[in-house]
Amino acid sequence: ASAEIVTITAPFDGNIKSLEVAEGQRVAAGQRLFEMDMTQLDMQRPQALSEQIKARKALSDIDHWESGPDVARARQAVLSARLSLNDTQGKLGETRRLYERGIVPRMERDALIQQEKMQSLAVTSAEAELANTRQRGTGEARQLAEMELANASAAVDALGTDASGTVTAPFSG
């Protein structure tokens, strides 16, 4: 009977590909005990690396958020809305002067007043969207991106790149 029983665990979850010893057999230190099927691990590694790359890119996007495409698009929307409003305000000023002289109908002036109100709302909406877009690149979004990268890196480390499916006896027995 064995004086001591030691449990030897595999380096990763999976199936045993080949068993080199039988229960109760004497083994020497370093002797191969069994070999694990690496198929599952070989499929998990690229997936984990892919997740790590995506997480690193997401964090990089957050780091450069202010100069990124989302903020640029929101800034462009604000600029466009302001230019439209300024153009309409110029036309409205001219139309008011012409209306006071009786050259243009009231309906044309009223249409421009309505258009100015709508464009003023569009500017306010675009500015709010810009503020919201900027906010998405800070605080919790950054913290979430950092945690996702840490988790993805831990998964890559856990799968290891040098893992082999061979399990050997740590000592003779």
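Visitor: What share of the 173 residues of the chain counts as buried?
Guide: This is a predicted model, and in it 25% of the 173 residues count as buried.

Visitor: What does the accessible surface come to?
Guide: The chain has an accessible surface of about 12200 Å². Carbon and sulfur atoms account for 52% of that area.

Visitor: How far does the C-alpha trace span along its principal axes?
Guide: The spans are about 115 × 25 × 20 Å. The radius of gyration is 34 Å, whereas a compact globule of 173 residues would have one near 16 Å.

Visitor: How many helices and strands are there?
Guide: There are four helices and three strands. Starting at the N terminus, the elements run β-β-α-α-α-α-β.

Visitor: Among contacts between residues at least 6 apart in sequence, how many join residues at least 24 apart?
Guide: That share is 73%.

Visitor: Let's take H2. Which residues are buried there?
Guide: In H2 the buried residues are Val71, Ala74, Val78, Ala81, Leu85, Thr88, Leu92 and Thr95.

Visitor: Why would residues three or four places apart point the same way?
Guide: An α-helix has 3.6 residues a turn, so residues at that spacing point the same way.

Visitor: And what do the buried residues of H2 pack against?
Guide: They pack against H3.

Visitor: What span should H2 have, at 1.5 Å a residue?
Guide: Its 33 residues should span 48 Å, and the C-alpha atoms at its ends are 48 Å apart, so the two values agree.

Visitor: What comes just after H2?
Guide: Gly102 does, and its phi is positive, at about 85°.

Visitor: Changing topic: how many salt bridges does the structure hold?
Guide: It holds 13. One of them joins Arg142 and Asp63, whose closest N and O atoms are 2.4 Å apart.

Visitor: How accessible are Arg142 and Asp63?
Guide: Arg142 is partly exposed, with a relative accessible area of 30%. Asp63 is also partly exposed, with 44%.

Visitor: What does Arg134 form a salt bridge with?
Guide: Its partner is Glu66, and the closest N and O atoms are 2.6 Å apart. This pair links distant parts of the chain: Arg134 sits in helix H3, residues 106-135, and Glu66 in the loop between H1 and helix H2, 68 residues apart.

Visitor: Are Arg134 and Glu66 buried, exposed or partly exposed?
Guide: Arg134 is partly exposed, with a relative accessible area of 33%. Glu66 counts as partly exposed at 38% relative accessibility.

Visitor: Is Arg106 buried or exposed?
Guide: Arg106 is exposed, with a relative accessible area of 52%. Asp110 is partly exposed, with 31%.

Visitor: Last one: which residues are linked in a network of salt bridges?
Guide: Glu20, Arg32 and Glu35 are linked that way.

Technical notes: Residues numbered from 1 in each chain as written. Predicted model: local features only at pLDDT ≥ 70, side-chain atom pairs only at ≥ 80, totals over all residues. Heavy atoms only, no water. Salt bridge = Lys/Arg side-chain N within 4 Å of Asp/Glu carboxyl O. Buried < 20%, exposed > 50% of the residue type's maximum accessible area, 1.4 Å probe, protein only. Helix = DSSP H or I, 4+ residues; strand = E, 2+ residues; numbered from the N terminus. Expected span 1.5 Å × (residues − 1). Contact = heavy atoms within 4.5 Å. Rg over C-alpha atoms; globule rule 2.2 N^0.38 Å. Areas by Shrake-Rupley, 256 points an atom, 1.4 Å probe, with all protein chains shown as cover.
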